[in-house]
Amino acid sequence: MQGFGQGQREKVLSLTCMEQQELENVFALLLLGSFVGFPAPPTFLAVELLPFMEREMQILGQRAEDACDMLGQMMGTLGVD
Amino acid sequence: MKILFYTGKGGVGKSTMAASAAWQLSQKSRVLIVSLDPAHNLGDIFCVSLNGKEKKMHDRLVLREVDLHKLSRDYLEREIGVLTRTYSYLQTLNLDRYFSVLKYSPGIEEYALLTSIEETIRKDGSNFDTIIFDTPPTGLTLRFLALPQITITWIDRLAQIRRQILDKRHTIQKIRGPATDEEKKQEIKLAYDEKDDPVLNRLMALKGNYESLTGILQGPDCGVVLVFNPDMLSLRESERLVEGLRDINLPLRLLIQNKVSEENRAVAGQVVAELRKMVGDIPLLQVALSTQLACGLDSILYEIPENLVTNLNWRR
């Protein structure tokens, strides 16, 4: 029973982590969107926050790399083998 | 302390009016006049060489030219310095130089201008009774005056997302429970409390700055003076400027119609009537077309006979 609870907990955790990473991705994309042609906030705002954005930029890069296998990623998240 | 922005279409005589008003005001009180226009004329009007620096004309009048390129360069160098330190590992790969392309980003000049206005108000506010800003032509002026409010809107949106992220991190932390010692060694610590998150802290600090600047610009001590000529082009641009100022909620205090002569008096009347429809009963001052240049190149451009000061004493 304890193992079952632990399993459920892990599942919820990975989903929430996923959601959080997506949010961080959106945050970085909104802030740094001007570099890829999105309407963006004033450039200096991006420049001001850039020093603290290492993690978000890594996620952004990772998302770009995974972009060609979105379906696989979605299946992974939903636990479909 | 009063803050005045002299605005209008290029070539209408903004700088001359600003310089003359500064000269007249300085007879009785301490005045700082700052030229924000990249094509500086202030030095020419007072027949002194400023070269992006400042000069004391007399005890109560200081002239200053803002070097926009230098300001942008300084700001970016500071930021690039922080970036390079944060991402110092990139130096080993020699990638840090790519950050230098930031200097070509659009919007940096407006930001540098705004920063310079904010700094001037903060540092010199207590040393002068009036600070006069001679602004660049309409488009750029409206953009940088609107910048604090646009930025606050963006900051609010970004902060909202940031708070959601922190909220998620907090949830994860709660589900996961306390980490074991072994895990603690491996994990990367992520902030989930609002006060620990550097991004949110920076956003909030910026918001505070912009809100106080907006407060000053929209406040009772700040005013915009619109300079225009008796012609259609100048009228149309003034109308756009009035609309723009209304959008960003900045108070227009005085209209100055410059270069009025006997020949154009009828047109001048029409232009004023048109503008009145938009601005209501804001005081208007007409300044005659100067014939001073006819006296030779050494004529004093800032000494004009009209009284430019009386109307600047609006009720606070």
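The largest nonpolar core has 79 residues. Those with the most contacts inside this core are Tyr6(B), Ala19(B), Ala22(B), Ile33(B), Ile132(B), Phe133(B) and Val225(B). Helix α6(B) supplies the largest share of the core, eight residues. This is a predicted model, with an ipTM of 0.77 and a pTM of 0.78.

**Core contacts**

- Ile33(B) is one of the core residues with the most contacts.
- Setting aside residues up to four places away in sequence, Ile33(B) touches Ala18(B), Ala19(B), Ala22(B), Leu42(B), Leu63(B), Ile132(B) and Asp134(B).
- Among these partners, Ala19(B), Ala22(B) and Ile132(B) are also listed with the most contacts inside the core.

- Strand β6 of chain B spans residues 222–228. Five of its seven residues are buried, so β6(B) is largely enclosed by the rest of the structure. Here a residue counts as buried if 20 or more other C-beta atoms lie within 10 Å of its own.
- Strand β1 of chain B (residues 2–8) runs parallel to β6(B), and six bridges join the two.
- Phe5(B) has Val224(B) as its bridge partner in β6(B).
- Strand β7 of chain B (residues 252–260) also runs parallel to β6(B), joined to it by five bridges.
- Val224(B) has Leu252(B) as its bridge partner in β7(B).
- From β6(B), the chain passes through helix α9 of chain B (residues 232–247) to reach β7(B). This β-α-β crossover is right-handed.

**Contact between chains B and A**

- On chain B, 30 residues are in contact with 26 residues of chain A.
- Four elements of chain B each give two or more residues to this side: α3 (68–86), α5 (108–124), α6 (138–176) and α8 (198–218).
- Helix α6(B) gives the largest share, 15 residues.
- The chain B side divides into 18 nonpolar, six polar and six charged residues.

**Confidence**

- Chain B has a mean pLDDT of 83, and 86% of its residues reach 70 or more.
- Among the elements of chain B, strand β5 (residues 130–134) has the highest mean pLDDT, 94.
- Helix α4 of chain B (residues 89–92) has the lowest, 57.
- Where pLDDT is low, the predicted coordinates should not be read in detail.

Methods:
Residues are numbered from 1 along each chain as its sequence is written. Chains are lettered from A and ligands numbered from 1 in the order in which they are written. This is a predicted model: local features need pLDDT of at least 70, side-chain atom pairs count only at pLDDT 80 or more; totals for chains, interfaces and linings use all residues. A residue is buried if 20 or more other C-beta atoms lie within 10 Å of its own, exposed if 12 or fewer, and partly exposed in between; C-beta atoms are placed from the backbone. Two strands pair if DSSP finds at least two bridges between them. A crossover is right-handed if, with the strands pointing away from the viewer, the path from the first strand over the helix to the second runs clockwise. Two residues are in contact if their C-beta atoms, placed from the backbone, lie within 7 Å. Ala, Val, Leu, Ile, Met, Phe, Trp, Tyr, Cys and Pro count as nonpolar, Asp, Glu, Lys and Arg as charged, and the others, Gly among them, as polar. pLDDT is the predictor's confidence in each residue, from 0 to 100. A nonpolar core is a set of buried Ala, Val, Leu, Ile, Met, Phe, Trp, Tyr and Cys residues joined through C-beta atoms within 7 Å.
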